[in-house]
Amino acid sequence: ADSYPNLQRGSHFSKITAEDVAYFESICPIISADRGATEDDLKPFNQDWMNKYRGQTRLVVKPKSTEDVSKILKHCNERKLAVVPQGGNTGLVGGSVPVFDEIVINMASMNNIRSFDEVSGILTCDAGVILETADSYLREHGYIFPLDLGAKGSCHVGGNVACNAGGLRLLRYGSLHGTVLGVEAVLPDGTILNDLSQLRKNNTGYDLKQLFIGSEGTIGIITAISIVCPQKPKSQNVAFFGVESFDKVQQTFVKTKQALSEILSAFEMMDSNSQNIVGQVTGRKHPLESKPPFYILIETSGSNPEHDSEKLNALLEDLMENEFISDGTLAESETQQKELWAWREGIAEALGHFGGVYKYDVSIPLKELYVLVDDVRAKMKDAGLLSTPENPENVVVDCVGYGHMGDSNLHLNVAVRQFDKRVEKVLEPFIYEWIQKRRGSISAEHGLGVAKSDFVQYSRGPTELAVMKGLKTMFDPNGIMNPYKYVKANA
Ligand code: FAD
Ligand code: MLT
Ligand code: ZN
């Protein structure tokens with residue numbers, strides 16, 4: 001795990017006392033080193049999903065209500081005790097675990113659905129509801145959650161909103177900035193901000209909830225959300241294609257949008273390197289026999305099976321005839337659809353099997369989306385760090401590219417046998433400068449956390465950063481909320 005060599009514990013933060021522990025205990029269940037919790041008991045809260053970031057908390061509090069959160073934060077603010085809000089702890093930038101001894105405020109016990117309106121499709125629920133639970137509940141009522149992602153079985157809807165997760169269907173259902181209608185949040189001083197609106201339209205002043213969407217636990221704790229949900233599709237199709245070049249991937253994207261229009265619900269791109277790794281780790285046989293350099297997964301979601309199949313078949317014919325795609329398969333059952341999706345959704349987990357992963361989640365103008373992967377791979381090869389048939393044990397297992405092509409969002413991942421300074425030197429600042437030159441974003445959807453906090457200036461100008469720092473100071477003058485991360489007010 002990283003040891004944060006460039007960070008120092010804030011000297012103005014207090015250390016937890018026996019009185020603090022007793023006070024928190026009077027509010028809600030806690031897990032505390034002072035009450036016999038071992039390092040192992042605290043490990044799931046101290047360590048992130050990638051096993052890359054590890055903190056040293058001695059105390060986890062598990063509020064059961066908004067009032068509990070309010071009491072906890074008020075006390076922490078008065079005592080200058082630093083905290084980390086924690087959802088499902090599936091974040092990929094080290095934002096959900098402590099850096100030093102911050103208190104973990106874990107939201108898992110706030111997991112009630114508060115209301116659902118079957119006419120408007122508006123769901124209101126606690127922040128700690130697991131995404132898959134919310135989605136299953138909605139499906140029983142003929143709706144779905146507008147966000148879907150590989151970590152759905154563990155991540156919380158509050159965590160999703162806090163990091164403005166994008167996911168697999170953003171191109172169809174839009175970002176959480178559009179679908180989230182309201183947020184209930186507790187400010188660092190314990191004030192409950194009730195902006196849990198269920199209105200689509202509300203032009204009565206600044207849109208405060210938007211500040212919480214993507215704020216990564218730095219200005220308050222989200223305790224509930226309301227969100228407008230789309231109808232559950234009556235018909236769904238999944239197709240998986242092999243493509244011979246990135247130019248053809250782009251042409252296929254244009255053709256697909258033209259042909260499928262309103263029923264297109266996902267357009268995901270994977271390179272062959274990512275697919276080889278999934279195959280290697282899972283031992284499964286790839287759905288396509290040929291070995292093209294690129295793969296595409298297309299999903300349709302519509303209301304009329306015949307209509308959707310007709311459109312999709314016409315697209316397939318066109319793509320084959322014009323040789324945009326070289327190979328393809330169409331799922332014939334829901335099970336097959338899941339199997340095809342697993343070759344896309346399983347990449348993140350498979351990459352973690354070798355020892356470590358350097359993850360870059362970037363927005364790049366589409367034309368150059370894959371050039372970055374080629375450039376990084378070439379640099380690793382030049383540096384003698386990439387595994388090759390001649391040197392199969394080199395530290396870099398592979399450089400892979402995949403992502404949400406429909407949103408110009410590339411995931412460039414460098415899988416390594418262990419974290420290595422030589423690799424880091426090749427990656428940074430090269431990647432950030434590359435992105436800056438193209439006016440891209442160094443974080444498309446995973447956020448800043450601790451991983452990208454020092455690099456935000458590659459995507460944001462000094463004026464923007466100054467306004468952000470001002471906002472942070474206004475909400476959190478004592479800096480207790482998720483310190484050392486995101487846009488640091490004092491950096
Ligand atoms: P955490 O990891 O617990 O927290 C994330 C951040 O939000 C932290 O800074 C934390 O302090 C803060 N936070 C959490 N809850 C609250 C709250 N209630 N109030 C205030 N702050 C809070 N992301 C995408 O955008 N798209 C993807 O496709 C995607 N796929 C993924 C696939 C896998 C397999 C994994 C492991 C992760 C993936 N992610 C993806 C990362 C993604 O951001 C998270 O999975 C998810 O959105 C985080 O939710 P969480 O509840 O786990 O939050
Ligand atoms: C994905 O799209 O699979 C996620 O964002 C996770 C990742 O980038 O690995
Ligand atoms: Zn993603």
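Helix α5 gives the most to the shell around ligand 1, with 4 residues, where helices (H or I, at least four residues) and strands (E, at least two) are DSSP runs, numbered from the N terminus. This is a predicted model, in which local features need pLDDT of at least 70 and side-chain atom pairs count only at pLDDT 80 or more, while totals for chains, interfaces and linings use all residues. Residues are numbered from 1 along each chain as its sequence is written, and chains are lettered from A and ligands numbered from 1 in the order in which they are written.

Around ligand 1 there are 38 residues, of which Gly87, Gly91, Gly95, Gly159 and Gly217 come nearest; a residue counts as near if its C-beta atom, placed from the backbone, lies within 6 Å of the molecule. The elements that give two or more residues to this shell are β3 (83-86), α5 (157-162), β9 (221-228) and α13 (347-351). Around ligand 2 the residues are Gly150, Ile347, Ala348, Asp361 and His411.

The table sets out both shells by class, with Ala, Val, Leu, Ile, Met, Phe, Trp, Tyr, Cys and Pro counted as nonpolar, Asp, Glu, Lys and Arg as charged, and the others, Gly among them, as polar.

| Shell | Nonpolar | Polar | Charged |
|---|---|---|---|
| Ligand 2 | 2 residues | 2 residues | 1 residue |

Strand β3 also belongs to an open sheet of 4 strands, which has the order β1-β2-β4-β3 and mixed pairing, two strands being paired if DSSP finds at least two bridges between them. Because β1 (30-32) and β3 stand at the edges with a single partner strand each, one side of each is left without a neighbour in the sheet. Strand β1 is joined by 3 bridges to β2 (residues 59-61), and these two strands run antiparallel; in β2, Leu59 is the bridge partner of Ser32.

The UniProt record, in an unreviewed entry, lists residues 53-232 for "domain: FAD-binding PCMH-type", with positions given in the numbering used here, feature names shortened, and annotations that may be inferred rather than shown by experiment. Over residues 53-232 the chain is 24% helix and 22% strand, and the end C-alpha atoms are 37 Å apart.

Gly283 has its place in the loop between α10 (272-282) and β12 (294-302). Gly283 is exposed because 7 other C-beta atoms lie within 10 Å, where exposed stands for 12 or fewer, buried for 20 or more and partly exposed for values in between, with C-beta atoms placed from the backbone. The C-alpha atoms of Gly283 and Tyr23, which are 260 residues apart along the chain, are separated by 51 Å.
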